[in-house]
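Me: I should like to learn how to read a helix, a strand pairing and an aromatic pair. May we work through one example together?

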Amino acid sequence: MMRAVLVDDEISNLENLQALLEKHCPQVSVVAMAQSVGDAVDVIGKYLPNLVFLDIQMGDKTGFDLLKLLPWRDFEVVFVTAYDQYGIQAVKFAALDYLLKPIDIEELMDAVNKAEYKLAMQKQNSQLEFLLQQLKKPEKNVGKIALQMQSEIRYVTLSEIIRCEADNTYTHFILANGEKILVSKSLKEYADLLHPNGFIRTHQSHLVNPKYVKSWLKEDGGILLLMSGEKIPISKPNRDMVKQALRQL
């Protein structure tokens, strides 16, 4: 049984989440709720939960402020927010789970199952420490990304990523050292996440780090030749966008 603390500044949100957990996630026991950062610090210290559902925006404070105040963070966190904002970008880079309000039941159950798995494997939540480090940096200066693999979490420097390639709902990350990492998230999610860092979506199945582009080949209407010798197709709708992105380098 996972002991959960719910943190949100609106009582209706707390009651709704508690009801959803009671109905759909019997492996979770809600031991306490808090409506402010200060109260949450006290409650977490008192009940020592192993799972915290944490609202990001709470008045003039944030869930990140709460994490910084805690002397220990030996629990799993599922962030809850009404806004797809910069904070969520940092959460995604750290490969942490988040739920958008109104909460989708299947997404809630999936987040709980993943937290249960991590706790059962007794994995140290290094992702929270990574998240707090990322939040200190400007959005476009994010240096690393956490990649959730089947048996581990890898922290990869963005400059080491040559390209990403879609494989149905999975994504392959091809690194400069020749390593290939498979992650169970779609290429679209990573394309959106890495676009502010200069990565170019050349094709439905391909995302490229322009740092590794050697030249534009005119064959087949347009192909990118990478320094590795690989040829990456450019879809017709993306040609003008790719040309413009490369000109800005």
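**Reading a predicted model**

Reply: Let us begin at a helix end. D104 caps the N-terminal end of α5, with a side-chain oxygen 3.1 Å from the backbone nitrogen of E106. Please keep in mind that this is a predicted model.

Me: Why does the distance between the end C-alpha atoms of helix α5 agree with its number of residues?

Reply: The general idea is to multiply 1.5 Å by one less than the number of residues, which gives the expected span of a helix. Helix α5 (residues 105-120) has 16 residues and should therefore span 22 Å; its end C-alpha atoms are 22 Å apart, in agreement.

Me: Which residues of α5 are buried, and which exposed residues does the face turned away from them carry?

Reply: Buried in α5 are L108, A111, V112, A115 and K118. They cover an arc of only 125° around the axis, so they lie on the same side of α5. The face turned away from this buried side carries the exposed residues E106 and A120.

Me: How should I read the pairing of strand β10 with other strands?

Reply: A general point comes before the case: in a regular strand, side chains alternate between the two faces of the sheet. Here, β10 (residues 161-167) runs antiparallel to β11 (residues 170-175), and six bridges join the two strands. Within this pairing, C164 has F173 of β11 as its bridge partner. The hairpin of β10 and β11 has two residues between the strands, and N168 takes a positive phi near 55° there.

Me: How many bridges join β10 to strand β14, and which residue is the bridge partner of E165 in β14?

Reply: Three bridges join β10 to β14 (residues 206-208), and these strands also run antiparallel. The partner of E165 in β14 is H206.

Me: What describes a pair of aromatic rings?

Reply: Such a pair is described by the distance of the centres and the angle of the planes. With centres required to lie within 6.5 Å, the count here comes to four aromatic pairs. One of them is the tilted pair of F64 and F79, at 5.6 Å centre to centre and 55° between the planes. This pair links distant parts of the chain, as F64 belongs to helix α3 (residues 63-69) and F79 to strand β6 (residues 76-81), 15 residues apart.

Me: Are F64 and F79 buried or exposed?

Reply: F64 counts as buried because its relative accessibility is 8%, and F79 is buried at 0%. W72 and F75 form an edge-to-face pair, 5.6 Å centre to centre with 80° between the planes. W72 counts as partly exposed at 27% relative accessibility, whereas F75 is buried at 2%.

Methods:
Residues are numbered from 1 along each chain as its sequence is written. This is a predicted model: local features need pLDDT of at least 70, side-chain atom pairs count only at pLDDT 80 or more; totals for chains, interfaces and linings use all residues. Side-chain values use heavy atoms; hydrogens and water are left out. Two strands pair if DSSP finds at least two bridges between them. Helices (H or I, at least four residues) and strands (E, at least two) are DSSP runs, numbered from the N terminus. Buried means under 20% relative accessible area, exposed over 50%, partly exposed in between (1.4 Å probe, protein chains only). The arc is that of the directions from the helix axis to the C-beta atoms. A polar contact is a pair of N or O atoms within 3.5 Å; within protein, one must be able to donate a hydrogen and the other to accept it, and residues adjacent in sequence count only if both atoms are side-chain atoms. Rings of Phe, Tyr and Trp (its six-membered ring) pair if their centres lie within 6.5 Å; planes under 30 degrees apart count as stacked, over 60 as edge-to-face and the rest as tilted.
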